[in-house]
Amino acid sequence: MEIKLKGLKKHYGTLHAVEDVSLDIPSNKIYGIIGKSGAGKSTLVRLISMLEKPDSGEVYYDDKRVDSLSKKELIEERRKIGMIFQTFNLLSSRNAWKNIAYPMEICGMKKDYIKSRVDELLEIVGLSGRGDAPISTLSGGQKQRVAIARALAIQPEILFCDEATSALDPQTTRSILALLKEIQAKMNLTVVMITHQMEVVRDACDCVAVLDQGRIVEEGVVSEIFAHPKHDVTKDFLSSVTNMQESVIRWSQETGHYTLRFRGKSTDEPILSEVSNKTGALFNIRAAGVQNVDGEEMGVMALDIGPDIDTVRRAIECLVNRGVIVEEEGGMR
């Protein structure tokens, strides 16, 4: 299901939580919305999922406007939605099986169907045989798997993930993201992933919108955003990802005056050596690494260039001609 937002605004007194947001979220994709604390992410997801009404603007599911529906119509439309939260929101009085069954019981589905559906979902999320487990005995990752199964119980067309991996360790986060990608592909879901973690966008999303102070400041295909970020907020998010030990090796605490971004085949080519031989430029590399973004290799390097201004200018020109993106003044912290 495609989601369209047109000019959404939501104010709380003098706080402009969401300010004129327009987005096209494609069907059958994982779409990330990333922003720092206070950027308006939680408010935006509440507007998209019809938990709150916007002060102005419109929300469409496919070609149907949903922000102006009556209470009865809203109840029906919300059955197309599944929600996953950071804190799991599971019922501690119920075991895993009964938590997953709960939304189907609310909808009045038959017991035989509920039983077969819960068993199917437990297998999908990798918890076969754990249906009787009390919630208190499950790990954080297992709790989130139960929450995912519960969100899928009534076969939604849209799945909202609001900081779904923020409470998990990195290894568990990767396993949950892999599970969500697998589920999305099998069930043809539209997944909207709200996060403040760029590594979540890198590892799971097809497209991303960057939110800052209630406004969308940048959006596009994830590989394009990683290869050529335009807004300072996006660059700041990327600097946090490229500072991770798993992808970048750093041997200097200095940031370097330049950040170079390589894409695809250029990550394997001796571009710096070629540029140095051609221009006489000297490169002092502070940090470098390669990470995989949506199946494509993305290289990043923090460095200084010398020895003089004219040589630096020629070196940058050569780098750009080779398809390298050059950012000045420590884009990689």
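## Helices α5 and α6

The axes of α5 (residues 140–152) and α6 (residues 170–187) cross at roughly 20° and come within 10 Å. Such axes are lines fitted to C-alpha atoms, for helices over the stretch in contact, and angles run from 0 to 180 degrees between N-to-C directions. Helices (H or I, at least four residues) and strands (E, at least two) are DSSP runs, numbered from the N terminus.

The crossing of α5 with α6 is right-handed, a term for a near helix turned clockwise from the far one by less than a right angle, with anticlockwise giving left-handed. On the α5 side the contact (heavy atoms within 4.5 Å) is made by Gly141, Gln144, Arg145, Ile148 and Leu152. On the α6 side Thr172, Ser175, Ile176, Leu179, Leu180, Ile183 and Met187 take part. By class, seven of these residues are nonpolar, four polar and one charged. Here Ala, Val, Leu, Ile, Met, Phe, Trp, Tyr, Cys and Pro count as nonpolar, Asp, Glu, Lys and Arg as charged, and the others, Gly among them, as polar.

## The model as a whole

This is a predicted model, in which local features need pLDDT of at least 70 and side-chain atom pairs count only at pLDDT 80 or more, while totals for chains, interfaces and linings use all residues. Residues are numbered from 1 along each chain as its sequence is written, and side-chain values use heavy atoms, with hydrogens and water left out.

The protein has 11 helices and 15 strands. Its C-alpha atoms fill a box of roughly 75 × 45 × 30 Å along the principal axes. Among contacts between residues at least 6 apart in sequence, 69% join residues at least 24 apart.

## Helices α3 and α5

Helix α5 also packs with α3 (residues 96–106), at an angle of about 25° and with the axes 7 Å apart. That makes α3 roughly parallel to α5. The crossing of these two helices is right-handed.

From α3, the contact is made by Ala96, Asn99, Ile100 and Pro103, and from α5 by Val146, Ala149 and Arg150. This contact has five nonpolar residues, one polar and one charged.

## Lys53 and its surroundings

Lys53 sits in the loop between α1 (41–48) and β4 (56–61). With a relative accessible area of 43%, Lys53 is partly exposed. Apart from neighbours within four places in sequence, Lys53 is in contact with Lys10, Leu47, Asp67, Ser68 and Leu69.

The side chain of Lys53 reaches the backbone oxygen of Asp67 at 2.7 Å. Leu69 is 16 residues from Lys53 in sequence, and the two are 10.0 Å apart in space, C-alpha to C-alpha.

## Backbone features in loops

Most residues other than glycine have a negative phi, and most peptide bonds are trans. Gln155, in the loop between α5 and β7 (158–162), has a positive phi near 55°. Glu163 has a positive phi near 55° and lies in the loop between β7 and α6. Glu163 counts as buried, at 10% relative accessibility.

The peptide bond from Gly306 to Pro307 is cis, with omega near 5°. Pro307 is in the loop between β14 (296–306) and α11 (309–321).

Methods
Buried means under 20% relative accessible area, exposed over 50%, partly exposed in between (1.4 Å probe, protein chains only). A polar contact is a pair of N or O atoms within 3.5 Å; within protein, one must be able to donate a hydrogen and the other to accept it, and residues adjacent in sequence count only if both atoms are side-chain atoms. Angles under 35 degrees count as roughly parallel, over 145 as roughly antiparallel, 65 to 115 as roughly perpendicular and the rest as oblique.
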